[in-house]
Amino acid sequence: MRILGVASASAAVVLGLSSSALACTIRDFKAEAKCDGDKSVIVVTDTDGSRTPATISVFLKGIGGVETKVGEQKVKGSAKGAPVTFPDDWKPSATYRVHITAANKSVDEDIQPDLVTPSTACKTESPTPKPPARTPKPTPSKSAPAESATPTPSASESSSAPASAPSNAPSPAVGDSNLAETGASSNTGLIAGIAGALVVVGGGAVYFGMRRRGTRGNG
């Protein structure tokens with residue numbers, strides 16, 4: 001009898017341990033914030049060896065206790081771990097609450113502690129390139145009209161120009177016009193010869209006239 005009692009007690013302990021090992025507990029679930037390339041995701045892994053179906057619900061905790069539901073998915077765990085991915089563009093140092101509900105109601109609680117995302121985001125925002133500086137367009141200068149070689153006097157200038165002053169030089173005599181224009185005329189020698197002959201003739205006439213008067217007086 002004593003042997004049977006020891007054997008039954010041992011069997012009960014083994015069955016209790018095996019049943020607890022196959023039961024779904026909150027310790028079978030783990031939540032992480034990861035990066036899938038440049039994308040941000042939340043991964044919940046179920047390591048329940050009993051493969052008890054469970055429902056995973058993820059909530060983002062906001063300011064003032066306001067929560068936003070990110071998503072909800074069903075999972076069957078495995079000893080190796082069954083991961084479930086929730087795409088979400090999480091921000092650095094954000095807080096998420098992950099709730100697990102098993103099909104047999106063996107689990108109906110949150111994973112503790114709450115999930116806090118890393119302090120560095122997955123996608124590093126590159127600085128916005130500044131637009132290139134605009135080069136000011138040169139302003140075309142108005143070219144001055146070319147000056148004419150000979151300026152044309154205006155009507156006012158031509159009308160206000162003083163008349164030429166009269167010359168103070170004496171006008172040449174009428175008889176001297178040929179000399180003033182061309183110098184000595186070609187007839188000057190001829191005129192001088194005739195004048196000399198007239199002087200000689202006049203002198204002779206005067207001489208003979210006085211002689212005749214003297215002869216008459218003596219007779």
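This is a predicted model: local features need pLDDT of at least 70, side-chain atom pairs count only at pLDDT 80 or more; totals for chains, interfaces and linings use all residues.
Let's start in a loop: Lys105 sits between β6 (95-102) and β7. Residues are numbered from 1 along each chain as its sequence is written, and side-chain values use heavy atoms, with hydrogens and water left out.

So what makes Lys105 worth a look? Lys105 isn't a glycine, yet its phi is positive, at about 65 degrees. Lys105 is also exposed, with a relative accessible area of 59%. Here, exposed means over 50% relative accessible area, buried means under 20%, and partly exposed is in between (1.4 Å probe, protein chains only). Arg51 is another non-glycine residue with a positive phi, near 55 degrees. You'll find Arg51 in the loop between β2 (39-46) and β3 (53-61), and at 45% relative accessible area it is partly exposed.

As background, most residues other than glycine have a negative phi, and most peptide bonds are trans. Now check the bond between Gln112 and Pro113: this one is cis, with omega about -5 degrees. Pro113 belongs to the loop between β7 (108-110) and β8 (115-116).

## The nonpolar core

Which residues have the most contacts inside the largest nonpolar core? They are Ile56, Val98, Ile100 and Ile111, in a core of 24 residues. β1 (29-36), β2, β3, β5 (82-87) and β6 each supply at least two residues of this core, and β6 gives the most, with 4 residues. A nonpolar core here is a set of buried Ala, Val, Leu, Ile, Met, Phe, Trp, Tyr and Cys residues joined through side-chain atoms within 4.5 Å.

Zoom in on Ile100 and skip its neighbours within four places in sequence: its contacts are Ile26, Phe29, Ala54, Thr55, Ile56, Val107, Asp108, Glu109 and Ile111. Contact just means heavy atoms within 4.5 Å.

## Charged pairs

Side chains of opposite charge can pair when their charged atoms come close. How many salt bridges does a search of the whole structure find? The count is 6, where a salt bridge is a side-chain nitrogen of Lys or Arg within 4 Å of a carboxyl oxygen of Asp or Glu. One of them joins Glu67 to Arg97, with the closest N and O atoms 3.0 Å apart. Glu67 lies in strand β4 (residues 67-76) and Arg97 in strand β6, so this pair ties together parts that are 30 residues apart in sequence. Glu67 is partly exposed at 34%, whereas Arg97 is buried at 17%. Both belong to a network of salt bridges that links Glu67, Arg97 and Asp110.

Glu32 and Lys34 form another salt bridge, with 3.4 Å between their closest N and O atoms. Glu32 is partly exposed at 26%, and Lys34 is partly exposed at 37%. Then there's Lys91 with Asp89, whose closest N and O atoms are 3.8 Å apart; Lys91 is exposed, and so is Asp89.

## A buried Asp with no salt bridge

Asp48 is buried yet has no salt bridge, and the nearest side chain of opposite charge, Arg51, is 8.4 Å away. (For charge, Lys and Arg count as positive and Asp and Glu as negative; His and the chain ends are not counted.)

What does the side chain of Asp48 make a polar contact with? The partner is the side chain of Ser50, at 2.7 Å. The Asp48 side chain also reaches the backbone nitrogen of Thr52, at 3.0 Å. A polar contact is a pair of N or O atoms within 3.5 Å; within protein, one must be able to donate a hydrogen and the other to accept it, and residues adjacent in sequence count only if both atoms are side-chain atoms.

## The disulfide

A disulfide is a covalent bond between the sulfur atoms of two cysteines. With a cut-off of cysteine sulfur atoms within 2.5 Å, the count comes to 1 disulfide. Cys35 and Cys122 form it, with their sulfur atoms 1.8 Å apart. The pair links distant parts of the chain: Cys35 is in strand β1 and Cys122 in the loop between β8 and α2 (155-160), 87 residues apart.

The torsion about the S-S bond of Cys35 and Cys122 is about -85 degrees, so the disulfide is left-handed. Cys35 is partly exposed at 45% relative accessibility, while Cys122 is buried at 13%.
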